[in-house]
Amino acid sequence: TNGKMNEVSAAMGLTSLESLDQFIAINYRHYKQYQHELEEIPGIRLVKYDESEKCNYQYLVLEVDETVAQVSRDQLVDILRAENVLARRYFYPGCHRMEPYRSYFPHAGLLLPETERLVQRVMTLPTGTGIDLEEVSRICHIIRFAIAHSRETRERLAEQE
């Protein structure tokens, strides 16, 4: 190609830019709703954004402290997926555990204790135009319920293995 953008691509780009503020506003509302509904749950921490900076709020990251929540991040992801919630582990596996780094530095994990700790604790929650505030509340309810009933949650998950 000659390095020029064709008219269709240019039109799609302009349309996307026109909608950008709307997408950011939706993500921000979801972020604030998650923040409000998850703040009192033991062992759960929504990673906060610096709201003085411009941001698209595209990634809503939850940190799960299993020792407090009594449910692991992976268990919580499994529970949410069973309820048709597209939650996923975040930064998993750590880059140092992928090729080519894994082969070149097989013991890198020993030098990265904080990365190793976080890679077991963080997950992302759904946001964007595919969900609404009612769905965000439903997701928060599932998380709240799973942690409030952590013993039963762990037992049920163990039965399914």
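**Rings, bridges and a helix side**

Reader: Why does Tyr31 count as buried?
Author: Its relative accessibility is 0%, and the cut-off for buried is under 20%, so Tyr31 qualifies. Keep in mind that this is a predicted model.

Reader: And what makes Tyr49 partly exposed?
Author: Tyr49 comes out at 26% relative accessibility. Buried would need under 20% and exposed over 50%, so Tyr49 goes in the class between them, partly exposed.

Reader: How many aromatic pairs turn up in the whole structure?
Author: The search finds 6. One of them is Tyr31 with Tyr49: the ring centres are 5.4 Å apart and the planes stand at 80 degrees. Pairing needs centres within 6.5 Å, and edge-to-face needs an angle over 60 degrees, so this pair is edge-to-face. The two residues are 18 apart in the chain, Tyr31 sitting in helix 1 and Tyr49 in the loop between strand 1 and strand 2.

Reader: Then why is the pair of Tyr31 and Tyr57 called tilted?
Author: Here the centres are 5.2 Å apart and the planes meet at 35 degrees. Tyr57 has 5% relative accessibility, so Tyr57 counts as buried. Ring pairs also link Tyr28, Tyr31, Tyr49 and Tyr57 into a cluster.

Reader: How do you know that Glu51 and Lys32 form a salt bridge?
Author: Their closest N and O atoms are 3.0 Å apart, and the limit is 4 Å. Glu51 is in the loop between strand 1 and strand 2, Lys32 is in helix 1, and 19 residues separate them.

Reader: What makes Arg144 and Glu37 a link between distant parts of the chain?
Author: Arg144 belongs to helix 7 and Glu37 to helix 1, 107 residues apart. Their closest N and O atoms are 3.6 Å apart, within the 4 Å limit. Glu37 has a relative accessible area of 16%, so Glu37 is buried, whereas Arg144, at 33%, counts as partly exposed.

Reader: Why are Arg151 and Glu155 said to be about one helical turn apart?
Author: They are 4 residues apart in helix 8. An α-helix has 3.6 residues a turn, so residues three or four places apart point the same way. Arg151 and Glu155 form a salt bridge with the closest N and O atoms 3.2 Å apart. In the whole structure 9 salt bridges are found, and Arg45, Glu63, Asp65 and Arg121 are linked in a network of them.

Reader: Which residues of helix 8 are buried, and how do you know they share a side?
Author: The buried ones are Ser150, Thr153 and Leu157. They cover an arc of only 60 degrees around the axis, which puts them on the same side of helix 8. On the other side, Arg156 and Glu159 are exposed. Helix 2, helix 3 and helix 7 are among what covers the buried residues of helix 8.

Terms used: Residues numbered from 1 in each chain as written. Predicted model: local features only at pLDDT ≥ 70, side-chain atom pairs only at ≥ 80, totals over all residues. Heavy atoms only, no water. Phe/Tyr/Trp six-rings, centres within 6.5 Å; stacked < 30°, edge-to-face > 60°. Buried < 20%, exposed > 50% of the residue type's maximum accessible area, 1.4 Å probe, protein only. Arc of directions from axis to C-beta. Contact = heavy atoms within 4.5 Å. Salt bridge = Lys/Arg side-chain N within 4 Å of Asp/Glu carboxyl O.
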